[in-house]
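Here are some notes to read alongside the model. Please keep the sequence and the structure open while going through the points.

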Amino acid sequence: MTSQLPSSLSASRPPCPGDDLNRTFEMRFTSTPRGARLARRLAAHRLDTWGIPYGTGPHEEIVLVLGELAANAVRHGHVPGRDFHLSLHVIGAARAIRIEVTDIRDERTPPEPEALPAPGSEDTGGRGLLLVAALATRWGWHLRPEGPGKTVWAEYVFASPA
């Protein structure tokens, strides 16, 4: 498949033999709401070019998870002048997608997946990771081994065709 985005916006691994969906999209974005919005839009376009079309359930769910992780990187991982990094890995043979969002702050970490607190009825936030947990097959986070910061990731596995 060809992409309509400039090649400088992505790094693609060579596809495995017989597997045309083994791809990676990576890019840094400004740690601002505008950067999070751009990350979501470019990733949505990339999913469409990879054969996960706009308007389908998987496309909408993946973009929603990605949007929540990017928004959290901006809200909880923001350091002035530092970007966040998005990686989107599509593995066709496994019919899975891995989303990774890396920010520079390691002192503000999310709770462990099994310890997500339920927000109170008056709370204005705290629902994003609950949404990620509901839509993703699994998710988690880890500190960056090569420097300060953390990576929050989620995996989405497509339902097997009946």
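1. A residue is called buried if its relative accessible area is under 20%, and exposed if that area is over 50%. Ile-97 has a relative accessible area of 1%, so Ile-97 counts as buried. Please bear in mind that this is a predicted model.

2. Ile-97 lies in strand β3. Leaving aside residues up to four places away in sequence, Ile-97 touches a list of residues that includes Leu-47, Ile-52, Ile-62, Leu-88, His-89 and Val-90. Ala-154, Glu-155, Tyr-156 and Phe-158 are also among the residues that Ile-97 touches. Glu-155 is 58 residues from Ile-97 along the chain, yet their C-alpha atoms are separated by 5.6 Å.

3. The whole chain comes next. The protein chain has three helices and five strands, and from the N terminus the order of these elements is β-α-α-β-β-α-β-β. Of its 162 residues, 41% are buried. Among the contacts with a separation of 6 or more, 60% are between residues 24 or more positions apart. The chain exposes about 8900 Å², and carbon and sulfur atoms supply 55% of that area.

4. Which strands pair with β2? Strand β1 (residues 23–30) is joined to β2 by eight bridges, and the two run antiparallel. Arg-23 has Val-90 of β2 as its bridge partner. Strand β3 (residues 96–103) also pairs with β2 in the antiparallel sense, over seven bridges.

5. His-89 belongs to β2, which spans residues 83–91. Its relative accessible area is 15%, so His-89 is buried. The side chain of His-89 makes a polar contact with the side chain of Thr-24, at 3.2 Å. In β3, the residue opposite His-89 is Arg-98.

6. Helix α2 has 21 residues, and the distance from its first C-alpha to its last is 29 Å. That is close to the 30 Å expected at 1.5 Å a residue. The buried residues of α2 include His-59, Ile-62, Val-63, Leu-66, Leu-69, Ala-70 and Ala-73. The buried residues of α2 pack against α1 (33–49), β2, β3, α3 and β5. Ile-62, one of the buried residues of α2, is also among the residues touched by Ile-97.

7. Where do the buried residues of helix α3 sit around the axis? In α3 (residues 128–135), the buried residues are Gly-128, Leu-129 and Val-132. They cover an arc of only 90 degrees around the axis, and therefore lie on the same side of α3. Their cover includes α2 (57–77), β4 (138–143) and β5 (150–157).

8. Strands β4 and β5 run antiparallel and are joined by six bridges. Leu-143 stands opposite Lys-150 of β5. The hairpin of β4 and β5 has six residues between the strands, and there Gly-149 takes a positive phi near 115 degrees.

Key
Residues numbered from 1 in each chain as written. Predicted model: local features only at pLDDT ≥ 70, side-chain atom pairs only at ≥ 80, totals over all residues. Heavy atoms only, no water. Helix = DSSP H or I, 4+ residues; strand = E, 2+ residues; numbered from the N terminus. Buried < 20%, exposed > 50% of the residue type's maximum accessible area, 1.4 Å probe, protein only. Polar contact = N/O pair within 3.5 Å; in protein donor to acceptor, adjacent residues only side chain to side chain. Arc of directions from axis to C-beta. Contact = heavy atoms within 4.5 Å. Pairing = 2+ DSSP bridges. Areas by Shrake-Rupley, 256 points an atom, 1.4 Å probe, with all protein chains shown as cover. Expected span 1.5 Å × (residues − 1).
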